[in-house]
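Subject: Structure handover

Hi,

Here is the structure I promised to pass on. My notes on it follow below.

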Amino acid sequence: WGFVDQNDGREYAVIGLGDGTGVVEVTDPVNPREVVTIPGNPSAWREVKIYQSFDAGSNRFRAYAYITTEAPNSGLQVIDLSGLPATATLATTLSDTGSQHTAYISNIDYATNMALPGAEAFLYLAGSDIDNGAWRVYSLTNPEQPQFIAAAPSGTEYVHDATSLLIPDARAAQCGVGHPPCEVYVDFNENTVDLWDL
């Protein structure tokens, strides 16, 4: 997953490896520099998503990488990227799931990994080892310690991948009361594509 540090404009690739997650500076693409590798349980599958926000207390941007893997007993790793360009560190490991296939962050600009204007970013986990792999939602109000806020209704199928969209126009009338905008989560499971008004 790509990441441009809004503090200094340096560019990074955060890479899922067989035994962890690598953080590589690619500001000079001809001369990439490995900054650090955060260890993780061995797995052929590891996925990365990043969220960056402005921290008024420190008067700088802070960024976090959320790492999923299908390796058992791995949880969700949260890597603090705010120490770059010198280093990155494992901030926490959430253990309310043992493993999951993927993560998705809604309502962000993928060029900056920052929340869209007037929108709140949420972290979704999908394909976990609980609730048959249905989606789970976490608040990123404290991005270092995501807080679980909701799970899919009982009977929801395994989610393989996901995306979302904000609908600010008249189509939002099809959603629940209190819109626009209407936030729609698109759940790609192995049998159907399901749309959720969240």
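Start with proline 153. Leaving aside residues up to four places away in sequence, proline 153 touches Trp135 and Trp196. Bear in mind that this is a predicted model. Proline 153 sits in the loop between strand 14 (147–151) and strand 15 (159–167). Its relative accessibility is 42%, so proline 153 counts as partly exposed. Alanine 134 is 19 residues away along the chain, with 8.5 Å between the two C-alpha atoms.

Next, the disulfide. A search of the whole structure turns up one. Cysteine 175 pairs with cysteine 182, and their sulfur atoms are 1.8 Å apart. The torsion about the S-S bond is about -75°, so the disulfide is left-handed. Both cysteine 175 and cysteine 182 are buried.

Now the nonpolar cores. The largest has 16 residues. Val23, Ala65, Leu81 and Leu84 touch the most other members. Strand 2 (11–17), strand 4 (33–39), strand 5 (46–55) and strand 6 (60–69) each supply at least two residues of this core. Leucine 84 touches Phe3, Asp5, Tyr12, Val23 and Val35, again not counting residues up to four places away in sequence. A second, separate core holds 14 residues, including Tyr51, Ala103, Ile105 and Ala121.

There is nonpolar surface too. Phe188, Val193 and Leu195 make a patch of about 300 Å². Valine 193 belongs to strand 17 (residues 193–197). With a relative accessible area of 52%, valine 193 is exposed.

Last, the charges. The structure holds eight salt bridges. Glutamate 25 takes part in one with arginine 10, at 3.2 Å from N to O. Glutamate 25 lies in strand 3 (residues 20–25) and arginine 10 in the loop between strand 1 (2–4) and strand 2, so the pair ties together parts 15 residues apart in sequence. Glutamate 25 is buried at 9% relative accessibility, whereas arginine 10 is partly exposed at 32%. Glutamate 25 also forms a salt bridge with arginine 33, the closest N and O atoms being 2.7 Å apart. Arginine 33 is partly exposed at 34%. Asp8, Arg10, Glu25 and Arg33 are linked in a network of salt bridges.

Another salt bridge joins aspartate 80 and arginine 62, at 3.0 Å from N to O. Aspartate 80 is in strand 7 (residues 76–80) and arginine 62 in strand 6, 18 residues apart. Aspartate 80 is buried at 11% relative accessibility; arginine 62 is partly exposed at 22%.

Best wishes

Technical notes
Residues numbered from 1 in each chain as written. Predicted model: local features only at pLDDT ≥ 70, side-chain atom pairs only at ≥ 80, totals over all residues. Heavy atoms only, no water. Disulfide = S-S within 2.5 Å. Buried < 20%, exposed > 50% of the residue type's maximum accessible area, 1.4 Å probe, protein only. Core = buried A, V, L, I, M, F, W, Y, C linked by side-chain atoms within 4.5 Å. Helix = DSSP H or I, 4+ residues; strand = E, 2+ residues; numbered from the N terminus. Contact = heavy atoms within 4.5 Å. Patch = residues over 30% accessible without salt bridge, like charges linked within 9 Å, V, L, I, M, F, W, Y side chains within 5 Å. Areas by Shrake-Rupley, 256 points an atom, 1.4 Å probe, with all protein chains shown as cover. Salt bridge = Lys/Arg side-chain N within 4 Å of Asp/Glu carboxyl O.
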